[in-house]
Amino acid sequence: MHENRPRILTVPLTAELQGDFSADPRFSPSCGPSNSSVTNCIFDPATTTFDPSTGTYHRTAFQNNIIPSTSVDKLAAFYLSSYPAPNFVDPLQQNGGCELFCNNFIGTVGSSLTTHNVSIKIDHNMPQNQKLFTEWLFNPSYYKNYRYPWNGPTADTATGIAGAQPYRTINQIGAVGLTSTLSPTLVNEARFMFSRQNQIADPNPDSVVDNADVLKHVQGLNFYLYGPFQLVPDIGISGFDGIGPQQWQNAIQGVQAFTAIDNVTKILGKHSLKGGLMWRRDNNWNLAAWGYGLGFGGGLTNDPVSGSGGAGLAQFELGAVDQGSGSGTYHAPWQTNDYWGFYLQDDYRVTPSFSLNVGLRYDLFGWFRERYNDLANFNFTAINPEVAYPGRLDYFGTPAHPDRNVFPAHKGDLGPRVAFAWSPFHDQKTVIRGAFGVIYSNGISAAFGDQNGGISAPAFANYIAYNGDFTGKTPAFILSQGAPPLNIPALDFAKKQNLQFLGTTTGGFLNGDSDPYVEQWSLYVERQLPGNIGLSFGYVGTHGMHLYGDEFRNYDRVPTAIRRQLRFNINNSVPTDPAIGAIYGCGDACPAFLVDKPYPQYGGVTINTNPDGYNRYHSFQMKFEKRYSQGLNLIAAYTFQKNIQSAQAGSTLGNAAVPTTLGRNVGRTSLVPGGDAGGVPEHAGISGAYQDPDNRRGDTALSPDDIPQILNLAATYELPFGRGKSFFNGTGPANKIISGWTWTQNWNFQKGVPLVFSGPCNAMTCRPNLVGDPSRGRSSKSRQQLENQYFDPSAFQAVFGGDPTVIQEVSTGLHPDGTSFDYNAFDPWWQFGTSGLRPPSGRMPGFWNADMTLARDLHFSESRYFQFRWTLFNVFNHQNLGIPNTNWCLPPLADGTTDLVHQFGCQFGKITNVQTDPRSMEFGLKFYW
């Protein structure tokens, strides 16, 4: 399959590539060192100072937002010279949009995917009532990008249609099974299976990314590069796609599984007894590198108090590397975990009208281990060997952790199941069904089988950052001047020396009180009606507990109560244990944000497994079925439901580190966990996160895939034309052409999923206040009006309030009389937003679609025939409105001025995408024999 597709991208304007941002309406034209009342400017990070009286940082703005040519970094200039000039004007961004400053380049992307499928199956009937089968499926695929929007060091490689860089996947499954009928009432089924998937990424060709020239320019700058996985730096510039290889994607990784199953069925009178077991061993491996990531987020060129102004491009031109950039140790592990499952079940026909099903399942989910014991875990309570504080790394295979497994398996996973079916009337046309069960989950495989945890963290895959002065307010280093030493230890050195990686952000794994489990229950009533019609309706509910929550949750942070108490004074120094001060180079007086933490010897402790997620689901379900008669079969299914969950439950589902992960935000599926390869929902650090880490339950909300109403219609109709039908049933050539056709329709209608809203930030959150109904006035809007403003902006307000005077004060740092504004004394600057994580009234547009197929069998004999199929997807070419912009803001004021709330290019509520692809059709011809 080959495909060319245009991409609309953003490239820098020619003047801004030279450091001239004076014409950019996002910034005030009156910026300069002498005008401290204007904060939406480009600030010079080299002028950053700290005021201990208020605990705040300050910077000086460049005059007229022009960076002097002498300040432009030479290495940055080399990169920027390879950007193409803008060539496109996006009509959707004019007259109130971002105008020429975004979506200003259109280029063509070309990708190809070649897939082969081989399937072999052998069935053999053996003596003594035994049947043997064996099968093998082989599925290699090869993906490449043969065209990019532009070439050179800044080539936008993240634009591939199905992947960011070339890769190969080799999938194969083998199985052998034996079914033995030991007696008329006793049957045994045994099966063994093996599956394996390798995914091998290849670097983008040098003819595209010009790595040879990049290496010449970075030579001697002490950058940590790892061939073949990380040939050149990975550079992130806020507002633009990344430069260099996509981190974690240039890798060799794989998974495999061995599975053995045995099931026994015994009939004893009214009882059908079943029992069995399953054993499964999962392996995964990963050959990769942390990469060498340099960030330019724009925060070093903004006003450090209000957050106004700043630009990632300006920060890159100045070569001001973000603190937190860096690399780390990396080990390619071979991980293994085992699973055992056992079950017993009795299907008991109590009476001709009442059946009872009772069962019990026992699951034993093993935590993982590493082939060479190259693992470590964070111990929250043990004293660190380097400083006398709780919290240390325990290396496996040492007295601190002699067991090979991360944790022992839970032994209490007993899952009862009970169900019944009852026909209360003599006509046997009404059936009442009910069920309850407890299902335990192999959450370990879910978390680590797709490479989410496919690294020997924490010590063998420990990120080491350029922390600078640990404030985050000054550059880690200047790009072209070269990087300071990172002091990354050799891989075999950490365990030998019991290294504790003090001052870095480390991690580990947590074990819950129980494995994840879900309680499920249901009650249905089914009725057979005249005319081959069946009707059913019922209730289904679930309750999930100990589910995996957010990945990489930081347990080493200043508590919310202390943050609110100290406010900006948290940046001031406090008396410090010299042993801790030595880690950060601040002696016996360090900033409070560094040491007022549970584990001050670490920059952070991010745990990879947090088994405290939960969900509650309730639904009413109804199905109407017209069983096949007179050439027609029809099914209509309707669901009315609600799904509530803890913040970030299920975050692992959107984070597979594979070459196909592009981080794209495409249509409805991007909002559903695991909905597409590049889905970003529920990932730590994005808008789906809870705003108060000390009150995560406060962000219990609708789940990201909560769809309150769904209606599905499916119909198959044999057209009444031709031989044996009601119309044109002659015998001529025309009859042969029009006879035998089948028409299939599939209709799908859905309400919109809930969205997460963000807005102007204060010191605590970027979530706005909800003061009205976002859907107000929508019913009277035309489609064009909905595209321009889907939500009611007046339903929201900045977290710090809507008073125009206050907005100006927090935006400029000055009172109307010119005196300094005291952020520490302004309580709304230290509160959380009230909009909730996903307000029920803040849903995206609904969705409907229809697909249809026209098919016919062309018989040569009873067993040999062609089948022709003509399928139309989105047959009516209906374009469902896509995802509205949910970053709340307001347009500039009447005089054109901007502030934290009134922003140039404000896109809130604007829809610039659709949920569905245009109509397409597919013709197929298959031969059966």
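The structure holds 20 salt bridges, a salt bridge being a side-chain nitrogen of Lys or Arg within 4 Å of a carboxyl oxygen of Asp or Glu. This is a predicted model, in which local features need pLDDT of at least 70 and side-chain atom pairs count only at pLDDT 80 or more, while totals for chains, interfaces and linings use all residues. Residues are numbered from 1 along each chain as its sequence is written, and side-chain values use heavy atoms, with hydrogens and water left out. Side chains of opposite charge can pair when their charged atoms come close.

- Buried means under 20% relative accessible area, exposed means over 50%, and partly exposed lies in between (1.4 Å probe, protein chains only).
- Helices (H or I, at least four residues) and strands (E, at least two) are DSSP runs, numbered from the N terminus.
- Two strands count as paired if DSSP finds at least two bridges between them.

**Salt bridges**

- Arg280 forms a salt bridge with Asp282, and their closest N and O atoms are 2.9 Å apart. Arg280 is partly exposed, at a relative accessible area of 30%, whereas Asp282 is buried at 11%.
- Asp556 forms a salt bridge with Lys597, with 3.6 Å between the closest N and O atoms. Asp556 lies in the loop between strand S25 (553-554) and helix H8 (560-566), and Lys597 lies in the loop between helix H10 (592-595) and strand S28 (604-607), so the pair ties together parts that are 41 residues apart in sequence. Asp556 counts as buried at 1% relative accessibility, and Lys597 is buried as well, with a relative accessible area of 12%.
- Asp792 forms a salt bridge with Arg776, the closest N and O atoms being 2.7 Å apart. This pair links distant parts of the chain, 16 residues apart: Asp792 is in the loop between helix H12 (783-788) and strand S35 (796-797), and Arg776 is in the loop between strand S34 (769-770) and H12. Asp792 is buried, with a relative accessible area of 13%, while Arg776 is partly exposed at 44%.

**Strand S14 and its partners**

- Strand S14 (residues 334-351) pairs with strand S11 (residues 271-287) in the antiparallel sense, over 15 bridges. Within this pairing, Gly276 stands opposite Tyr343 in S14.
- S14 also pairs in the antiparallel sense with strand S15 (residues 354-365), over 12 bridges. The bridge partner of Trp340 in S15 is Leu364. A hairpin joins S14 to S15 through 2 residues.
- With strand S16 (residues 369-370), S14 pairs in the antiparallel sense over 2 bridges. In S16, Arg369 is the bridge partner of Thr336.

**Phe88**

- Phe88 is placed in the loop between helix H2 (74-80) and strand S4 (105-115). At 22% relative accessibility, Phe88 counts as partly exposed.
- Phe88 touches Ile8, Asn103, Asn104, Phe105 and Ile106, not counting residues up to four places away in sequence; contact here means heavy atoms within 4.5 Å.
- Phe88 and Leu9 are 79 residues apart in sequence, and the distance between them in space is 9.3 Å, C-alpha to C-alpha.
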